[in-house]
Amino acid sequence: MPQNIIIFGECGAGKSSLINLMCGSSLAAISSAANGCTLHASPYMYHDPSGTSFKFWDTAGLNEGEGGRVPNVEAIVRLYQLIMSLHDGISLLVFVMRAPRIKDASVKNWILFREIICRSQVPAVIAVTGLEGEYNMDAWWTQNQNTFRSQGINPADHACVSGTRGKQNRNGTHKYDDEYGQSREKMLGMVKRHYLRQPWRPHRVEWFREVVSVSYESRGWCRSPREKKEIRQVAGQGIEQLKRQCAMSDDEARKLGERLMKG
Ligand SMILES: Nc1nc2c(ncn2[C@@H]2O[C@H](COP(=O)(O)OP(=O)(O)O)[C@@H](O)[C@H]2O)c(=O)[nH]1
Ligand SMILES: [Mg+2]
């Protein structure tokens with residue numbers, strides 16, 4: 001059974017390019033300003049020579065909603081629908097971001113998807129693209145790791161890569177062929193080191209109870225013989241986390257919760 005690996009991140013970060021790089025083919029469509037971003041999640045199979053098969057899920061780009069302040073609700077809902085539909089479970093999350101700037105929205109998207117939706121139950125790694133021009137691609141992480149740490153992003157691993165071969169030379173080779181080859185090794189190595197051998201399978205009902213809302217019966221405090229049972233909906237931990245960690249207002253967090261409830 002293939003291992004489900006979810007590739008997520010903002011539109012244009014390089015998700016489809018990295019899937020092509022790992023699969024060694026050009027199956028996933030690369031986005032451009034003209035054709036915009038993937039809207040639906042698509043799977044791409046990769047059979048590793050070690051015998052393990054991976055299904056890489058190319059997902060809808062997490063664009064910045066409302067000027068980067070609020071994570072994009074529809075894209076988050078799509079990610080949620082995807083994880084709930086994968087009955088074989090999920091083995092790894094790969095967050096793709098483009099150097100050099102660590103956007104505010106990236107931090108929130110990471111927290112929202114990894115910690116709130118996936119309950120920190122699935123290992124998550126980061127791939128930083130756009131580093132083909134660096135003398136030493138990995139130095140980028142050393143220079144920037146404190147920024148991630150201080151914002152609460154603690155990936156299980158990272159890969160500093162190039163998702164592009166760059167311009168073609170006259171002799172048919174490409175400017176960044178070497179960097180591209182190294183990037184493939186790094187990406188596949190990272191995936192193989194970190195995927196969960198026992199995939200995580202979210203249970204829909206429990207998930208709602210924990211994340212979005214808790215229903216409970218309250219009997220009030222008066223001991224009347226005709227005690228009225230009252231079922232109340234109380235916001236779950238996830239809603240609190242959205243407010244605290246993603247700086248959402250009460251209203252925004254509840255709206256996202258309601259949207260997730262509807263599925
Ligand atoms: N310079 C550079 N461009 C890249 C890199 N990875 C992807 N791109 C380009 O960025 C654009 C968006 O890439 P794509 O893979 O479609 O991003 P997605 O929207 O996250 O799937 C395309 O023009 C790619 O060729 C990279 O590492 N460096
Ligand atoms: Mg894409």
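Predicted model: local features only at pLDDT ≥ 70, side-chain atom pairs only at ≥ 80, totals over all residues.
Biologist: Let's start with strand β6, residues 92–98. What makes it largely enclosed by the rest of the structure?

Modeller: The burial count does. A residue is buried if 20 or more other C-beta atoms lie within 10 Å of its own. Six of the seven residues of β6 pass, so the strand is largely enclosed.

Biologist: Which strands pair with β6, and in what sense?

Modeller: Two strands bridges can be named here. Strand β1 (residues 3–9) is parallel to β6 over five bridges, with I7 opposite V94. Strand β7 (residues 124–129) also runs parallel to β6, joined by six bridges, and there L93 has A124 as its partner. Pairing takes at least two bridges, so five bridges with β1 and six with β7 both qualify.

Biologist: Why is R119 called partly exposed, but S120 exposed?

Modeller: The cut-off for exposed is 12 or fewer neighbours, and for buried 20 or more. R119 has 16 other C-beta atoms within 10 Å, so it is partly exposed. S120 has 10, so it counts as exposed.

Biologist: Now to helix α8, residues 250–262. How do you know that its length agrees with its number of residues?

Modeller: At 1.5 Å a residue, its 13 residues should span 18 Å, and the end C-alpha atoms are 19 Å apart, which agrees.

Biologist: Which residues of α8 are buried, and how do you know that they are on the same side?

Modeller: They are A253, L256 and L260. These cover an arc of only 65° around the axis, which puts them on the same side of α8. An α-helix has 3.6 residues a turn, so residues three or four places apart point the same way. The face turned away from the buried side carries exposed residues, D250, D251, E258, M261 and K262.

Biologist: What makes helix α4 (residues 139–150) hardly covered?

Modeller: Of its twelve residues, the count of buried ones is one. Just after α4, G152 takes a positive phi of about 85°.

Biologist: What do β2 and β3 form together?

Modeller: They form a hairpin with five residues between them, and G51 in the turn has a positive phi of about 110°. Strands β2 (residues 42–47) and β3 (residues 53–58) pair in the antiparallel sense over six bridges, M45 being partnered by K55.

Biologist: Finally, what surrounds ligand 1?

Modeller: A shell of 19 residues, the closest being G14, K15, S16, S17 and G163. Helix α1 (residues 15–23) gives the most, with three residues. By class, the shell has 13 polar, four nonpolar and two charged residues.

Conventions. Residues numbered from 1 in each chain as written. Chains lettered and ligands numbered in written order. Near = placed C-beta within 6 Å. Helix = DSSP H or I, 4+ residues; strand = E, 2+ residues; numbered from the N terminus. Nonpolar A, V, L, I, M, F, W, Y, C, P; charged D, E, K, R; others polar. Expected span 1.5 Å × (residues − 1). Arc of directions from axis to C-beta.
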